Amino acid sequence: MLSVLRVHLPSEIPVVGCEITPYVLLRRPDGSISTDDVPESAPFNGYCIRYKWYRDQCDQKVSICSVHPTEQATLQCIVCVKEKVPIAKSYHCSPKCFTDAWQHHRSLHEQAKRTIKENGIEEEETFGRFNNSGSGSHNAGLSGATINAGSSVLNNGPVPIYSTTVAERNGEAWSEVGRSRTYTPTSDDINHVLKFECVVVYAETRIPVGNVHTILTSRVIPAPSPTPRRMIQVNGADVLGQLDVDGRSASSRTFSVLSYNILSDAYATSETYSYCPSWALSWPYRRQNLLREIIGYHADILCLQEVQNDHFEEFFAPELDKHGYQALFKRRTSEVYSGNPNSVDGCATFFRRDRFSQVKKYEVEFNKAAQSLTDQGIAAGQKKAALTRLIKDNIALIVVLESKFGNHGADNPGKRRLLCVGYLRLRGMRYTDEDDYSRTLAFGYGTIHRENANTHVNVHHEYMDVKLWQVHTLLKGLEKIAISADIPMLVCGDFNTVPGSAPHSLLARGKVDPLHPELAVDPFGILRLTNKLSHQLPLVSAYSSFARMGVVAPGVEQQRRRMDPATNEPLFTNCTRDFVGTVDYIFYTADSLMVESLLELLDEESLRKDTAIPSPQWSSDHIALLAQFRCKHRTRR
């Protein structure tokens, strides 16, 4: 007979909008042990499992802190109430919490005033237009068994024909809220305890067989939201004047690019990030938080690193499709990696269908480039060892897009407005020496002339020659494309290389000092085979605009304090307990593009008040970089 052996929950704290899938261990009639579901719709040997979810009927109304959702609020900002800021954002757990969050909290007041003044409507959530229940009292927000979170309708099982079932057990009242194995808490569940119940039943009679297994959750908390980040104008007209009703660039010659290492679920372990609550590290929670953040940036092109194959296919591609993005993905090759193919990460770039159409796609595998390199210049006795050092399953994906926006052909009549977007997969440090990392790139040409390279490069120090070879190979390839087609470009992503390193010098200065200490690591002469370590692309770091501006625009001075004056790069883009530094960049060709605005940087104090990231509010150990560019008027060479 079918029987339930064990039931437990994947996380100790349920979160609004994050699906709960209990672990249910079964013994089948043949004696085998399985976690496969046996629902009432597909019985096994005449038996099936019946699931029910209940919510406790506690009448206590508790307000939740908007910054620390596991804490009860003790004060409310009256200005928020006056300015019609979403009520959930007005609560704080302590005076210190309120003062620490004041700079960003004040921006909510200003945003609400501006929105009401311009549109006459209340402001939506800063990130995305869904899951707007936010945080607050347990009876606030949406109601019912289904809500729109992440643009996906949450199905908690069949809705009973009766309004609700209340079961009186041990003096406690429970209201039935779901009849499926999984359950997604809604805003009605905030501050309530949930109970999961499963029991084996006869399929024909639905009569229970054996014991009923139950398990209780902690109280449901609202989903925390990342602190709002503003776009800071660094050049030209007021940025707000260039946004359409969806918050996107309305100019015919501007476009925006987001680069973000989202932290693969394979790396998001409690051992590595012990300071982050386990519920905030779980993929069901992080994926919704990441999606809300990414959608809220309204970027024209999204360059995401560390996107797992299964997460791309099952989540990011379909969810971003609903928001108008077309998806492109190249999984890394598997000559080295031998783990679960679904957890292999790769390059994921998305572009808005209303702004671009795809013309052509090219796929490049760097294992083949390594083979060619060693065939040409490595002695036969060293070739195998050199290949072992170079072959890391890295890939690149190049896609040619055609622009749909602006005055078509205004500068060069008859010319197609093309944009070439590429993705590069390079070796990384989250893996062992036999594994690698993900990178992405994007580029462009034609009348619009722009190219974006989104990449992620990170190796152990003993592999500095491999990292430099990868970056040099990328740049020489982009250089050939730029020269042949007069293509401006962007090179952006997680390079896992700090300012002043050899790869950073090659990117930012076009060359590497022959006396640079990292050049000493080259056991097989790989770097000597690349001839001169230089390139002719006029690359400039976008975020150095904060340091280079002669006239200080509103908000820029604060950003300058978050820059390293010695390198003109942010003080950090990666902030964990063990490392705080800059490894993410957006470079652009200054002869063809100019920076219009940049997503504000975050200060270490605000990120690390809960120790480090990832955290309940920020779901990656990196911060997102976003730049809006304008194409310069120029004559084709």
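**Reading the helices**

Modeller: Take α5 to begin with: its 14 residues reach 19 Å from first C-alpha to last, close to the 20 Å expected at 1.5 Å a residue. That expected span is 1.5 Å times one less than the number of residues. Helices here are DSSP runs of H or I with at least four residues, strands are runs of E with at least two, and both are numbered from the N terminus. This is a predicted model, where local features need pLDDT of at least 70, side-chain atom pairs count only at pLDDT 80 or more, and totals for chains, interfaces and linings use all residues. Residues are numbered from 1 along each chain as its sequence is written, and side-chain values use heavy atoms, with hydrogens and water left out.

Biologist: How many residues of α5 are buried?

Modeller: Buried means under 20% relative accessible area, exposed means over 50%, and partly exposed is in between, with a 1.4 Å probe and protein chains only. By that cut-off, 12 of the 14 residues in α5 are buried, so the helix is mostly covered. Among them are W283, Y285, R286 and E293. Just after α5, H298 takes a positive phi of about 55°.

Biologist: And how do I describe two helices that pack?

Modeller: Two packed helices are described by the angle between their axes and the distance between the axes. The axes are lines fitted to C-alpha atoms, for helices over the stretch in contact, and angles run from 0 to 180 degrees between N-to-C directions. Here α5 (residues 283-296) packs on α6 (residues 309-321) at about 35°, with the axes 11 Å apart.

Biologist: Which residues of α5 and α6 meet?

Modeller: Contact means heavy atoms within 4.5 Å. On the α5 side you have W283, R287, Q288, L291, I294 and I295, and they meet H311, F315, F316, E319 and L320 in α6. Sorted by class, that contact has seven nonpolar, two polar and two charged residues. Ala, Val, Leu, Ile, Met, Phe, Trp, Tyr, Cys and Pro count as nonpolar, Asp, Glu, Lys and Arg as charged, and the others, Gly among them, as polar.

Biologist: What about α9 and α10: at what angle do they pack?

Modeller: At about 20°, with axes 9 Å apart. Angles under 35 degrees count as roughly parallel, over 145 as roughly antiparallel, 65 to 115 as roughly perpendicular and the rest as oblique. So α9 and α10 are roughly parallel to each other. The contact involves M464, K467, L468, V471, H472 and L475 of α9, plus A502, P503, L506 and L507 of α10. Its classes come to eight nonpolar, one polar and one charged residues. As for length, α9 (residues 464-485) has 22 residues and reaches 32 Å, close to the 32 Å expected.

**Reading single residues**

Biologist: Is R389 buried or exposed?

Modeller: R389 is buried, at a relative accessible area of 13%. This arginine sits in helix α8 (residues 383-390). Leaving aside neighbours within four places in sequence, its contacts include E462, D465 and F524.

Biologist: Where does G525 lie?

Modeller: In the loop between α10 and α11. G525 counts as buried because its relative accessibility is 3%. Its C-alpha is separated by 8.1 Å from that of I378, 147 residues apart along the chain.

Biologist: And what does the whole chain look like?

Modeller: The protein chain has 14 helices and 32 strands. Of its 637 residues, 57% count as buried.
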